[in-house]
Amino acid sequence: MVKHIIFMLFLCTGITAYGQETTEKGMRWMTLAEAEEAAKKEPRPILIDLYTDWCGWCKVMDKRTYRNEKVIKYLHSRFYPVKLDAETKSTLSYKGKAFSYNTQYKTNEIALYLTGGQLSYPTTVIIPTTGEDPQPIPGYLAPGELELIVKFFGEGAYRKQEFTAYQKVFKGEW
């Protein structure tokens with residue numbers, strides 16, 4: 001019920017924040033191709049905000065999470081942030097493979113690949129390094145929830161310990 005109400009509020013107010021542009025608060029989004037190329041030159045994880053235009057919680061995450069100054073600063077310093085419309089009909093290339101729109105699922109095949117076929121929006125996808133499998137985290141993430149995840153990958157803790165162990169000792173600051 002709450003999700004439905006918030007979704008309706010966003011529809012009525014006409015809030016939009018999508019595109020490969022800088023948002024009002026300074027988040028600079030890259031395309032997937034730009035991030036892949038940048039990671040070849042300077043390796044760092046890629047964070048993908050996988051969204052759809054009709055997703056109310058995607059809009060909430062844009063407004064509350066991706067406009068948070070601490071989130072913006074951390075993502076710009078440790079990740080290549082990508083905003084990706086799961087339903088784009090454009091053909092996208094990643095790791096030398098072309099991904100096109102899938103009419104059966106009404107989504108781009110890249111969304112199926114990134115989520116392991118478990119489509120849910122929003123989904124935050126972390127690709128730790130080139131060649132590693134995407135790590136999809138479905139659902140809305142408030143800044144503090146996102147902090148735990150991005151610091152686990154951004155600081156390389158995922159290489160040394162399990163997420164549950166990291167979570168037990170993690171002290172959030174956002």
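**Entry 1: L92**

I began with L92, which lies in strand β3; helices (H or I, at least four residues) and strands (E, at least two) are DSSP runs, numbered from the N terminus. The model is a predicted one, in which local features need pLDDT of at least 70, side-chain atom pairs count only at pLDDT 80 or more, and totals for chains, interfaces and linings use all residues. Residues are numbered from 1 along each chain as its sequence is written, and side-chain values use heavy atoms, with hydrogens and water left out.

I looked up the partners of L92, taking contact to mean heavy atoms within 4.5 Å. Apart from neighbours within four places in sequence, L92 is in contact with L84, K97, A98, F99, N108 and I110. I also noted the C-alpha atoms of L92 and E109, which are separated by 8.9 Å. These two residues are 17 residues apart along the chain.

**Entry 2: I110**

I followed the contact from L92 to I110, a residue of helix α5. Is I110 buried or exposed? I110 counts as buried, at 0% relative accessibility; buried means under 20% relative accessible area, exposed over 50%, and partly exposed in between (1.4 Å probe, protein chains only). With neighbours within four places in sequence set aside, I110 is in contact with L32, L84, L92, Y94 and F99.

**Entry 3: backbone in the loops**

I then checked backbone angles. K95 has a positive phi of about 55° although it is not a glycine. K95 is placed in the loop between β3 (92–94) and β4 (97–99), and is partly exposed with a relative accessible area of 43%.

K106, also a residue other than glycine, has a positive phi near 55°. I found K106 in the loop between β5 (101–102) and β6 (107–108). K106 is exposed, its relative accessible area being 56%.

Which residues does a cis peptide bond join? The bond joins Y121 and P122, and omega is about -5°. P122 lies in the loop between α5 (109–115) and β7 (123–127).

**Entry 4: helices α4 and α6**

I examined helix α4 (residues 69–78) against helix α6 (residues 143–154): their axes come within 11 Å and cross at roughly 15°. Axes here are lines fitted to C-alpha atoms, for helices over the stretch in contact, and angles run from 0 to 180 degrees between N-to-C directions. The two helices are therefore roughly parallel to each other, since angles under 35 degrees count as roughly parallel, over 145 as roughly antiparallel, 65 to 115 as roughly perpendicular and the rest as oblique. I recorded the crossing of α4 and α6 as left-handed, meaning that the near helix is turned anticlockwise from the far one by less than a right angle.

On the α4 side the contact is made by V71, Y74, L75 and R78. On the α6 side P143, L146, V150, K151 and G154 take part. By class I counted six nonpolar, one polar and two charged residues in this contact. Ala, Val, Leu, Ile, Met, Phe, Trp, Tyr, Cys and Pro count as nonpolar, Asp, Glu, Lys and Arg as charged, and the others, Gly among them, as polar.

**Entry 5: L146**

I returned to L146 of helix α6, which counts as buried at 0% relative accessibility. Residues up to four places away in sequence aside, L146 touches L47, T65, Y66, V71, T124, L141 and W174. The C-alpha atoms of L146 and T65 are separated by 8.1 Å, although the residues are 81 residues apart along the chain.

I located A39 in helix α2 (residues 32–41); at 5% relative accessibility A39 counts as buried. Beyond neighbours within four places in sequence, A39 is in contact with R44, Y80 and T130. A39 and T129 are 90 residues apart along the chain, and their C-alpha atoms are separated by 7.9 Å.

Helix α3 (residues 56–64) is mostly covered, with seven of its nine residues buried. The buried residues are G56, W57, C58, K59, V60, M61 and D62.

**Entry 6: whole chain**

Finally I noted that the protein chain has seven helices and eight strands, and that 48% of its 174 residues count as buried.
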